[in-house]
2 protein chains.
Amino acid sequence: MNKRFVTFLPAGVKVEVDPGTDLLTAAGKADIEIKAPCGGDGTCGKCAVHIKSGAAKARRDSHLAARLAEKGFNLACQTLVQDEDLVVEIPKTSAMSKHQVLVDHHQVNSGMSEALSNYLLHVWQLKELFLEKQESPLNGYPLNPLCRRIRLTLPVANLQDNRDDLNRLTLALKKETKCTDINISLAIIRNLGEILRAAHFKVTVLLSEVGGKAEVIAVEPGHGHQPLYGLAVDIGTTTVVAYLLDLEKGRVIDTAGTHNRQARFGDDVISRIVYAVDETDGLKTIHQCIIDTINTLIMDLLVKQRQIKESDIRVIMTAGNTTMAHLFLGINPKFIRLEPYIPTANFFPVVKAQEVGLRVNPDALVFSYPSVASYVGGDIVSGTLFTGMGNADAPISLLIDIGTNGEMVLGSGDWLVTCSCSAGPAFEGSGITYGMRAMHGAIERLEIDPQTYEVSYTTINNGKPIGICGSGLINCLAKLRRTGIIDRAGKFQTSLSTERMRIGETGPEYVLVWRDDTDLDRDIVISEADVKNLLRAKGAVFAGIRSLLNVVGFELESIETIYVAGGFGNYLNIPDAITIGLLPDIPIEKYKYVGNTSAKGACMALLSQEAWMEANSLAGKMTYIELSVGNLFMDEFVSSLFIPHTDLTLFPNVSL
Amino acid sequence: MNKRFVTFLPAGVKVEVDPGTDLLTAAGKADIEIKAPCGGDGTCGKCAVHIKSGAAKARRDSHLAARLAEKGFNLACQTLVQDEDLVVEIPKTSAMSKHQVLVDHHQVNSGMSEALSNYLLHVWQLKELFLEKQESPLNGYPLNPLCRRIRLTLPVANLQDNRDDLNRLTLALKKETKCTDINISLAIIRNLGEILRAAHFKVTVLLSEVGGKAEVIAVEPGHGHQPLYGLAVDIGTTTVVAYLLDLEKGRVIDTAGTHNRQARFGDDVISRIVYAVDETDGLKTIHQCIIDTINTLIMDLLVKQRQIKESDIRVIMTAGNTTMAHLFLGINPKFIRLEPYIPTANFFPVVKAQEVGLRVNPDALVFSYPSVASYVGGDIVSGTLFTGMGNADAPISLLIDIGTNGEMVLGSGDWLVTCSCSAGPAFEGSGITYGMRAMHGAIERLEIDPQTYEVSYTTINNGKPIGICGSGLINCLAKLRRTGIIDRAGKFQTSLSTERMRIGETGPEYVLVWRDDTDLDRDIVISEADVKNLLRAKGAVFAGIRSLLNVVGFELESIETIYVAGGFGNYLNIPDAITIGLLPDIPIEKYKYVGNTSAKGACMALLSQEAWMEANSLAGKMTYIELSVGNLFMDEFVSSLFIPHTDLTLFPNVSL
């Protein structure tokens with residue numbers, strides 16, 4: 001079959017593909033990321049592109065495709081390359097911002113011509129936290145990294161003391177570490193003789209020691225000061241962030257973040273699992289995607305920190321949700337998604353970097369944070385560790401991480417319960433007509449004049465608006481309700497005397513920004529369907545909190561602290577969230593933003609064996625509550641689909 | 001550079017090589033094995049070949065090469081391919097017999113046109129022992145193989161019992177095995193979900209369990225009767241023998257043996273080490289040689305046992321000397337040969353078959369017998385286990401294994417001392433003008449008429465004589481002395497009135513077979529230099545025995561049993577050996593032939609965890625005596641260079 005060329009604008013990247021390839025796949029090959037929250041099913045409409053030259057064929061007819069076609073757009077996932085070369089333009093609304101913006105600080109800080117997503121801000125913030133504010137990533141734990149250097153001066157072998165090299169080394173290590181179980185791989189043993197003798201039986205051993213068991217990572221001649229770095233990686237479904245740590249000084253040297261390249265197989269974990277299970281070599285492909293993503297971050301970090309070499313990175317700690325952990329290690333995730341939702345593993349084996357293909361020292365050890373259940377993963381365990389909410393004397397507190405799912409942990413030093421509610425990715429912009437991630441041009445805050453119903457707004461980076469991000473949507477919902485544009489059930493007051501209120505294709509909608517003020521060729525609206533989606537999302541989260549409380553027999557008032565975690569949480573306006581009934585109506589001073597706790601907990605575990613052992617203990621201690629069993633959750637959920645709730649006594653301070 | 005063709009006769013195999021390649025290397029590429037005890041140094045003269053067509057160039061001038069050239073021969077190792085294609089004939093005396101004779105029993109038993117070496121006989125004998133005589137390879141140990149099958153019926157996962165798959169399996173295994181430390185590799189975890197569900201949570205686990213630690217080798221769906229085989233491999237410097245075992249029935253199914261393909265780098269461990277250390281990629285090449293050798297045996301066994309598949313072999317136990325163990329695992333052997341003779345390891349890690357490239361189930365575990373020191377290896381530990389001489393109530397006994405080195409163990413239940421003496425490979429035919437291995441046409445026994453000094457002889461397989469094997473040489477030495485042809489110091493009585501006594505190129509020599517009666521084009525002789533070499537070899541062994549006794553303060557008479565092990569030992573005539581002063585003059589009924597104890601001990605360890613643990617305990621318990629320290633050995637050695645000894649009181653029953 002003859003290949004065809006597809007050129008993608010504005011990047012100008014050309015790629016060669018077989019006829020029959022869809023444009024979303026072609027873009028993936030060109031390493032250009034197009035939004036595809038539905039995973040290429042042709043249902044979300046986010047991957048709209050514009051064919052500037054050449055003829056292509058639509059995969060199937062759909063209402064959505066037809067509507068877009070009217071406006072001159074094609075769905076990338078539904079458009080197939082035929083006999084002609086194509087030139088395809090990707091509009092800003094369909095493109096994902098590229099990670100490259102991170103490589104050059106200067107570009108990000110001055111030019112800012114590319115989108116700047118909240119995970120970038122988020123990375124800066126963490127960086128500031130760790131680097132500039134000199135806040136310790138140890139968070140109270142002792143510095144005792146997962147990989148440490150031990151300098152040994154072994155007795156020199158002679159005819160009287162002719163013990164073998166391995167025995168000589170192992171005995172010295174046992175004495176030094178008090179570990180009885182020390183493993184040294186064949187790869188290291190193979191050249192041990194030369195290494196011991198290169199500096200007359202003075203050697204430096206890099207060792208990872210956890211709970212009385214030790215693994216030798218490297219043996220090097222002499223007592224030099226070999227570099228010793230570690231990498232903590234937060235593997236998010238959407239975003240992956242890496243932290244380069246100096247293991248001996250116990251500090252973060254640099255950070256880098258990017259999109260999870262798996263995004264082209266869908267926004268949420270379910271579409272990733274479907275791809276991994278249903279496609280030929282799907283697991284292999286999607287596993288490679290996350291490895292490639294992390295390798296890109298490693299490259300970025302090493303470009304910035306030129307004094308550090310790939311081989312200097314000796315240990316990696318990853319934290320991610322259960323699906324991400326499975327995909328990262330290449331474990332079949334099939335049964336995570338099928339009732340009774342059983343993951344293959346919650347505690348993962350420690351592997352070597354070369355086994356998974358990470359481009360650091362091939363013998364570097366790779367640790368994965370333990371999960372609790374299919375939908376409460378290592379990221380949540382990591383967050384629980386960070387907050388200290390499981391510490392012996394901790395009062396009752398709640399950790400809540402709102403992303404695609406809403407995961408939460410309720411507990412104290414004595415007990416911990418946890419659950420996950422399918423909030424859906426509405427707060428990440430998915431399923432909302434003009435929803436988008438927190439990037440350049442996203443509306444993050446708005447005001448609606450209660451008399452004129454006119455809208456004023458602020459956008460991220462003051463860009464011309466192209467959509468609304470999660471925090472903007474919550475703010476918008478609060479304002480729509482406060483001005484009476486919607487009722488407590490989210491129904492639009494269509495009789496309102498403003499031309500902003502109109503009936504659109506899917507029903508009632510409200511114009512937030514007129515076309516001329518946008519960077520699009522159309523009005524930005526919020527529809528009644530969007531509002532219903534948002535209510536389901538916020539209802540699921542609140543119902544989850546109530547369900548956990550019900551299980552342990554406590555009331556909202558018992559909660560001493562609510563930790564709000566995650567990239568989204570960081571930008572969440574708490575009063576807004578209380579107003580719409582997303583978060584409990586307790587005094588605002590009890591709320592605490594904790595940021596990317598998954599990443600922070602990963603750094604802690606990397607720097608402190610004690611932290612890592614506590615993380616494992618926490619994962620074993622957390623009781624998972626399956627919300628799909630019984631009516632516990634469903635009753636709460638139905639009651640939560642109002643603003644703020646059917647039971648107004650739960651929100652005494654909210655008056656709408 | 002243009003390639004040239006070299007065709008080797010009589011096989012007719014053609015190989016393409018670069019000009020400058022020597023013929024020994026070229027033959028190696030063609031998988032044709034030429035004898036090269038010196039490892040290609042041009043000093044032993046065993047690789048003589050005949051160039052039938054084409055011109056080649058000699059690497060350097062040597063007396064030996066010149067002598068051979070007179071007879072129309074070239075040394076393969078010293079002859080370089082130039083601009084012409086060559087046709088090279090390999091005479092019988094230079095060719096090694098090929099292993100293929102083993103594949104087809106019928107061919108071996110009837111045709112026998114190829115050489116039949118004693119290791120083949122030896123394999124038959126073992127086979128008879130295990131297979132036909134139904135003697136148990138367990139040798140008294142309980143059947144409790146290193147790999148066993150555990151059938152589990154796990155509780156079926158549901159919303160109430162939603163533990164992860166790995167946890168579900170591990171808990172059940174801990175309960176079943178009492179092991180607290182169970183390792184399951186990522187490779188197995190990756191598809192565990194499907195495997196557990198394929199037969200509704202009924203699974204069969206293949207597990208290796210040693211000392212409270214367990215490694216899961218495989219998890220398979222259902223409770224079927226999957227085949228479960230193991231392989232015990234005796235890795236000898238010269239010969240490699242493999243035993244295919246049914247792990248559940250505890251019996252040997254079949255055996256196969258062949259030359260160690262490393263032989264082309266030299267006969268003894270020293271030349272192998274030199275090659276591994278000095279040549280580019282030498283270790284890699286020589287490591288691959290032994291892997292290829294074992295893979296050939298596996299192929300042979302599976303061709304014979306068609307019902308058994310490669311993947312059915314789940315565990316391998318190897319036993320070999322310390323150098324062989326290093327080369328087998330690809331461990332740099334450099335320091336074994338340099339004072340103070342330190343091996344990299346005496347206890348070796350358990351690896352997976354795929355890590356070393358063995359063609360069995362890729363996840364099969366590969367165990368290596370522990371060594372004691374650089375020159376007392378796993379083969380001797382294995383032999384010590386087999387004899388039971390370390391058992392609690394065992395009286396003082398001696399295990400002696402004469403090969404290239406003479407290794408011995410002296411001890412009882414309370415103590416074990418061991419040493420190795422560089423006997424040199426004289427008894428294996430190396431360094432003796434007409435010495436050869438025990439193959440077709442080797443003189444194994446002879447008589448010398450005390451009046452006429454005429455010689456009569458028997459050869460292996462009644463072939464026309466082409467040389468003398470080890471047992472033949474010992475017998476010859478005894479007869480030469482008994483007839484007064486040599487004196488107690490090995491000096492030839494050149495005045496003897498027989499034309500068989502003559503002065504050859506290297507000094508006095510005695511004609512054993514006249515040219516016309518041989519399958520060669522020359523007389524078979526034994527020279528005074530040969531006799532000196534033999535005396536050094538036998539002297540070293542006896543001095544070793546005396547040295548061990550001296551260390552512990554016992555006399556020869558204290559020894560209750562002498563176990564004579566090894567391929568060579570099996571054919572050794574004990575009275576002859578006592579006559580020449582190789583073995584102690586104690587009652588013949590105290591001697592016991594034990595055969596290939598290395599292989600037998602490997603089978604025991606494979607079939608019984610108890611045996612394997614005892615083997616490891618023995619290796620730790622054996623005290624190595626370094627004979628090169630002090631005068632202990634040297635004084636004994638010098639006294640042993642006479643027939644039978646300078647101190648005749650040590651040999652009261654020998655009268656010559």
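Guide: What follows goes from the cavities to the strands, and then to the salt bridges.

This is a predicted model, in which local features need pLDDT of at least 70 and side-chain atom pairs count only at pLDDT 80 or more, while totals for chains, interfaces and linings use all residues. Residues are numbered from 1 along each chain as its sequence is written, chains are lettered from A and ligands numbered from 1 in the order in which they are written, and side-chain values use heavy atoms, with hydrogens and water left out.

Searching the whole structure gives 8 cavities of 30 Å³ or more, where a cavity is a set of points, on a 1 Å grid over the protein atoms alone, at which a 1.4 Å probe fits but cannot get out. The largest cavity holds about 120 Å³ of space, a volume being the space filled by probe spheres set on the points, with grid points joined across faces, edges and corners. Its lining is made of 13 residues, and those nearest its centre are Lys35(B), Pro37(B), Asp267(B), Glu428(B) and Arg437(B); a lining residue has an atom within 4 Å of a point. By class, this lining has 5 nonpolar, 3 polar and 5 charged residues, where Ala, Val, Leu, Ile, Met, Phe, Trp, Tyr, Cys and Pro count as nonpolar, Asp, Glu, Lys and Arg as charged, and the others, Gly among them, as polar. The largest cavity lies between domain 1 (4-89) and domain 5 (428-525) of chain B, because both of these domains give residues to its lining; the domain bounds come from an automatic or database domain assignment.

At least three of the lining residues come from each of domain 1 (4-89) and domain 5 (428-525) of chain A.

From the spaces we turn to the strands. Chain A has an open sheet of 6 strands with mixed pairing, in the order β14-β13-β12-β15-β17-β16. At its edges stand β14 (251-259) and β16 (351-352) of chain A, and since each has a single partner strand, one side of each is left without a neighbour in the sheet. Here strands are DSSP runs of E of at least two residues and helices are runs of H or I of at least four, both numbered from the N terminus, and two strands pair if DSSP finds at least two bridges between them. Within the sheet, β12 (residues 229-235) and β13 (residues 239-246) of chain A run antiparallel and are joined by 7 bridges, and one of the bridge pairs is Asp234(A) with Val241(A) in β13(A). Tyr229(A) also belongs to β12 of chain A, and at 13% relative accessibility this tyrosine counts as buried, a word that means under 20% relative accessible area, whereas exposed means over 50% and partly exposed in between (1.4 Å probe, protein chains only).

Elsewhere in chain A, strand β27 (residues 561-565) has 5 of its 5 residues buried. Both of its faces are covered, with Thr561(A), Tyr563(A) and Ala565(A) on one side and Ile562(A) and Val564(A) on the other. Strand β18 (residues 397-402) of chain A runs parallel to β27(A) and is joined to it by 5 bridges, while β28 (residues 591-595) of chain A is also parallel to β27(A), with 4 bridges. Ser397(A) has Thr561(A) as its bridge partner in β27(A), and Ala565(A) has Gly595(A) in β28(A).

Asp165(B) is buried, with a relative accessible area of 0%.

Another salt bridge holds Asp576(B) and Arg445(B), whose closest N and O atoms are 3.2 Å apart. Here Asp576(B), in helix α16 (residues 574-579) of chain B, and Arg445(B), in strand β21 (residues 442-448) of chain B, are 131 residues apart. Asp576(B) is buried at 6% relative accessibility, whereas Arg445(B) is partly exposed at 31%.

Terms used. 1 Å grid on protein atoms, 1.4 Å probe; cavity = no way out; pocket = protein on both sides within 12 Å on 5 of 7 lines; lining within 4 Å. Salt bridge = Lys/Arg side-chain N within 4 Å of Asp/Glu carboxyl O.
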